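Subject: Structure for your review

Dear colleague,

Please find the structure below, with my notes after it. Tell me if anything needs another look.

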Amino acid sequence: MVDVETNTHTFDSLTVASDFEAKVDASNDAGIREGIDAAETTFTTKDNRPPHPVGGLAVGESGYNQTSITISWDLADNTAEDRIVTGIMASVAKEGAAEGDAAIEPQTVGSDVTSATFELGGAGEYVFTVKTMNDFSEGVEPL
């Protein structure tokens, strides 16, 4: 029971990915609630675990004097649990690049995209990373 001046309530320690029903009822000091219907609402808490990682990371064939490269990946089942992937961030970094060198911008793509193409900054070795994202966090990098 709360004071009549209270108009908000915070629920703590709810279980993630669960359904809940909240009900607000009012009565006077004598316990009479004549003509007043309780207000009800339902809600589902989101799963706050990191999203599923992608798998099967592959780099397209490279050739002499090549200026771009495509990386690709396999998507995890995005419907089996509530750890839904809402986006994917793919990035490429040149090994040993100096701080002042031009950076290769990461690409954020939709949850159903399975590849990204990057313009390379000349000859050298590159590190490729693909991370999944959801409303709560970035997922782990695939092995």
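I start with alanine 93, which sits in strand β5. Please keep in mind throughout that this is a predicted model. Residues count as buried under 20% relative accessible area and as exposed over 50%. Alanine 93 has a relative accessibility of 41%, so it counts as partly exposed. Beyond its neighbours within four places in sequence, alanine 93 makes contact with Glu125, Tyr126 and Val127. Its C-alpha lies 9.0 Å from that of proline 106, a residue 13 places away in sequence.

Strand β5 also takes part in the core. The largest nonpolar core is made of 14 residues. Those with the most contacts inside this core are Ile71, Trp73, Ile88, Ala90, Phe118, Phe128 and Val130. Two or more core residues come from each of β4 (68–74), β5 (87–94), β7 (115–119) and β8 (126–133). For alanine 90, the contacts outside its sequence neighbourhood of four places are Ile71, Trp73, Pro106, Gln107, Ala116, Phe118, Thr129 and Val130.

Isoleucine 69 belongs to strand β4. With a relative accessible area of 5%, isoleucine 69 is under the 20% limit and therefore buried. Between the C-alpha atoms of isoleucine 69 and threonine 117 there are 5.6 Å, although the two residues are 48 apart along the chain.

On the chain overall: it has eight strands and zero helices, so the order of elements from the N terminus is β-β-β-β-β-β-β-β. The chain has 143 residues, and 19% of them are buried. Its accessible surface is about 10400 Å², with carbon and sulfur atoms accounting for 48%.

Next, the pocket. The largest pocket has a volume of about 650 Å³. Its lining consists of 15 residues, and Met1, Val2, Asp3, Val24 and Asp25 are the ones nearest the centre. Sorted by class, that lining holds seven nonpolar, five polar and three charged residues.

Serine 27 is in the loop that runs between β1 (19–24) and β2 (39–44). Its relative accessibility is 46%, which means that serine 27 counts as partly exposed. Setting aside residues up to four places away in sequence, serine 27 touches Ile32 and Arg33. From serine 27 to alanine 38 the C-alpha distance is 10.0 Å, with 11 residues of separation in sequence.

Serine 13 is found in the segment before β1. Serine 13 is not a glycine, yet its phi is positive, at about 60°. Is serine 13 buried or exposed? Its relative accessible area is 77%, over the 50% limit, so serine 13 is exposed.

Regards

Technical notes
Residues are numbered from 1 along each chain as its sequence is written. This is a predicted model: local features need pLDDT of at least 70, side-chain atom pairs count only at pLDDT 80 or more; totals for chains, interfaces and linings use all residues. Side-chain values use heavy atoms; hydrogens and water are left out. Helices (H or I, at least four residues) and strands (E, at least two) are DSSP runs, numbered from the N terminus. Buried means under 20% relative accessible area, exposed over 50%, partly exposed in between (1.4 Å probe, protein chains only). Accessible areas come from the Shrake-Rupley method with a 1.4 Å probe; for residues, only the protein chains shown count as cover. A nonpolar core is a set of buried Ala, Val, Leu, Ile, Met, Phe, Trp, Tyr and Cys residues joined through side-chain atoms within 4.5 Å. Contact means heavy atoms within 4.5 Å. On a 1 Å grid over the protein atoms alone, a cavity is a set of points where a 1.4 Å probe fits but cannot get out, and a pocket is an open set with protein on both sides within 12 Å along at least five of seven lines; lining residues have an atom within 4 Å of a point. Grid points are joined across faces, edges and corners, and a volume is the space filled by probe spheres set on the points. Ala, Val, Leu, Ile, Met, Phe, Trp, Tyr, Cys and Pro count as nonpolar, Asp, Glu, Lys and Arg as charged, and the others, Gly among them, as polar.
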